Every structure is written in C-alpha cells, then in structure tokens.
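What follows is a guided reading of one protein model, from its sheet to its core and its aromatic pairs.

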Amino acid sequence: MKYRVDNSRGLILAPFVESELRRLRARLYVEYESWMDSRRMHDPNELAARLNGLRASVLVVELDFVFEEVFEAVPSLKFVGICRAATSHVDIEAATANGVAVVNTPGRNAQAVAEHALGLMLSLARRIPEGHSYVTGGRWLNPVGAYAELRGVELGGRTLGIVGLGAIGRRLAEMAGAIGMNCIAFDPYADVPPSGVCLKDLNEVLTDSDFVTIHAPLTGETEGLIDSRRLSLMKPEAYLVNLSDARIVDRGGLVDALESRAIAGAALDVFETHPIAPDHPLLGLDNVILTPHVGGATEETIERYSGMMVEDILRFLDGERPLNLVNPGVWEVQ
C-alpha cells in the first residue's frame, strides 16, 4: 500500500517556471507565491495556518523552514518538496513521524555552481575584478602599464584540487579538464572518480594544487576541515575557492594566510552570515573576491528543479514512490 492522494491542493513557495506550474495545475489546485516576489519567509505558525486554510496536502519550499510544529499542526500535509539538495531546514524526523514524504532536488544547481567556481578561478588567475577597477578608477593612464601591473596566470596546465566529488565537483572537473587543467580530488566516499581525475588524500590535494575548490557538504566530518594547519600545506602561489559552506574553512586561519600572503588569494561565495557582517575581516583584504551567495542563482536552476519536483509530485499523486525521496522509511510503512 502506497500513498494515493485525491482532490489534492498544494502550496508552492519556491520560484517555479510557468510551464511546470501549468503541468502541475492539470492535476491539483495550486496556490503559488514565490519568495522572490514576496521577499520573505513564513514563520511556523503562519505557515501552518496557511496550509490548514488551504487544506493542503503538498508543500514546496526553497528557503522556508518546516519545523515539527508545522507537521503536527497540519494533518492534511502528506508531501513536502525541497527545491535544493540540502534538507537541513526541514525536520525530516518529524515529517516521518507524521507520515509526510519529503523530496529534494539533488544536482539541480550543479551546472550553475560549477560555472561560478570556474568563473571565480578565472577572475583570480586573470585578476579580472582588479582590471575592471583599474579602468573605471582612472588608473589606466599608460597604454602599457596594465601589462606589468595586472599580469596573470593561465589555468591550462595547472592543477585543480577538488574537495568533494558530488554533482558539482564532478561537473567542475569536466570543465577544468576541457581547458587543460590537471584534476585531483579528495572525497572519502567516492568509489570511482570521473575520467581524468586522480583521487588523493586531503593533505596531498592541498600540497599539490594551484587552485583548491570546496564542494563538500557541511557535516560533522567537514566542519573545520580546512584549518590553519591544512592551509599551511598550500603553495604560496595557490588560490582557495569555497562555494560550499563557510564553516568548512577556519576563518581565522584563512584571514591569516591571506594577510601574510601564505597563499596568493581566495574567492568565496559563502559566509557565516548572509549577508556578510559589515566588520568581517575579509572585507579589508585586497587578495580576495567575494560574491553574495549566488553560485546557483540561474534561471536554468529554477527550470531544472521545477521539472524534477513536478515529476515527483505527480508520481506521489499516482501512488508511486518519488524518485528523490529523502525519508524512505515513511514509504515503507504504508
């Protein structure tokens, strides 16, 4: 016996493409309010009241938190979809205890984040932000001055060390290999690396790489993984790029390494807070590139997860197991 939900009603709070909304609305009533339009998240009581008012069986979120009190307060809720790979903002244990299936969208932004990582590497190597400021700041006074002051390095022929060979790390390895980089990686859970990628231990990756990019998820094992000691293993001409979670890299150690030029530079898309604290020590450094957590922010990411989510909602409504079910235990007991 599996789920079969009739006369379903759904609430979608994540950005969604219109074509997939139409496809979904052919099967159930959908109330749609993207956080990109409302620019807000719901508190638990408000969310529970809204779901109960709608008698919703399906909820789709991207930013909103779904806590235990929501699952306890909304008996009609049977399906929660998360438009991202991480599930930390949904209480999976409470969902399972209340018989709610939870689905996520792994890999939905792999292309976007890998491209952003490559863009940051190119920006570091070719000093692109500095070049922009050089022109707009009125420093380009000599026709040949920039050739001496902004000389960069090429990525081709250099070694990229990837920490974490999930969907993003693997896609970046393909891109980097295509432009002539040598790729090595650390991932204790990767059995077979992508073609052209050599698996090494973490210390070897840090020691041997010209660029190190971090794409591992934040876990008890990875928090503080790149500490001061490991940063000291990197070459003085090497760069660190982090698009995963700020807590994987020791902040004090990174600031010290950048200030002392123990490493050449860093590019970061993630911070301890979003937005970054105005007194953050990285803001005063001239060898960092900082972007506002936009690695996955593309239209294609929305298109990709919209299709993935609708596919799993329709499977669920037909009594079939969703492809990306996070809590299989809830399915097995039905």
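A residue is called buried when its relative accessible area is under 20%. The model is predicted, and local features are taken up where pLDDT is at least 70.

Towards S10, four bridges join the strands, which run parallel. Val241 has Ala267 as its bridge partner in S11, and Asn242 has Leu268. To get from S10 to S11, the chain passes through helix H12 (residues 251-259), and this β-α-β crossover is right-handed. Towards S12, S11 pairs over three bridges, also in the parallel sense, and Leu268 stands opposite Leu290 of S12.

These strands belong to an open sheet of seven strands with parallel pairing, in the order S8-S7-S6-S9-S10-S11-S12. Its edges are strand S8 (197-199) and strand S12 (288-290), each of which pairs on one side only. From one strand to the next, the twist averages 20 degrees. Helix H9 lies across S6, S7, S8 and strand S9 (211-214), and H9 runs at about 175 degrees to S6.

In soluble globular proteins, nonpolar side chains tend to be buried together. The largest nonpolar core here has 29 residues, and the members that touch the most others are Met121, Leu124, Leu155, Leu160, Met181, Phe211 and Val241. Two or more residues each come from helix H6 (110-126), strand S6 (159-163), helix H9 (167-178), strand S7 (182-186) and strand S10 (239-242). H6 gives the most, with nine residues. Which residues does Leu124 touch, leaving aside those up to four places away in sequence? Leu124 touches Phe211, Tyr239, Val241, Ala266, Ala267 and Ile289.

Phe211 and Tyr239 form a stacked pair, with 5.1 Å from centre to centre and 15 degrees between the planes. The pair links distant parts of the chain, since Phe211 is in strand S9 and Tyr239 in strand S10, 28 residues apart. Both Phe211 and Tyr239 are buried.

Phe316 and Trp331 form another aromatic pair, this one tilted, at 6.4 Å centre to centre and with 50 degrees between the planes. Phe316 lies in helix H13 (residues 299-317) and Trp331 in helix H14 (residues 328-332), so the pair ties together parts that are 15 residues apart in sequence. Why does Phe316 count as buried? Phe316 counts as buried because its relative accessibility is 0%. Trp331, at 3% relative accessibility, counts as buried too. Ring pairs also bring in Phe79, linking Phe79, Phe316 and Trp331 into a cluster.

Methods
Residues numbered from 1 in each chain as written. Predicted model: local features only at pLDDT ≥ 70, side-chain atom pairs only at ≥ 80, totals over all residues. Heavy atoms only, no water. Core = buried A, V, L, I, M, F, W, Y, C linked by side-chain atoms within 4.5 Å. Buried < 20%, exposed > 50% of the residue type's maximum accessible area, 1.4 Å probe, protein only. Contact = heavy atoms within 4.5 Å. Pairing = 2+ DSSP bridges. Axes fitted to C-alpha atoms, helices over the stretch in contact; angles between N-to-C directions. Phe/Tyr/Trp six-rings, centres within 6.5 Å; stacked < 30°, edge-to-face > 60°. Right-handed = clockwise from strand over helix to strand, strands pointing away.
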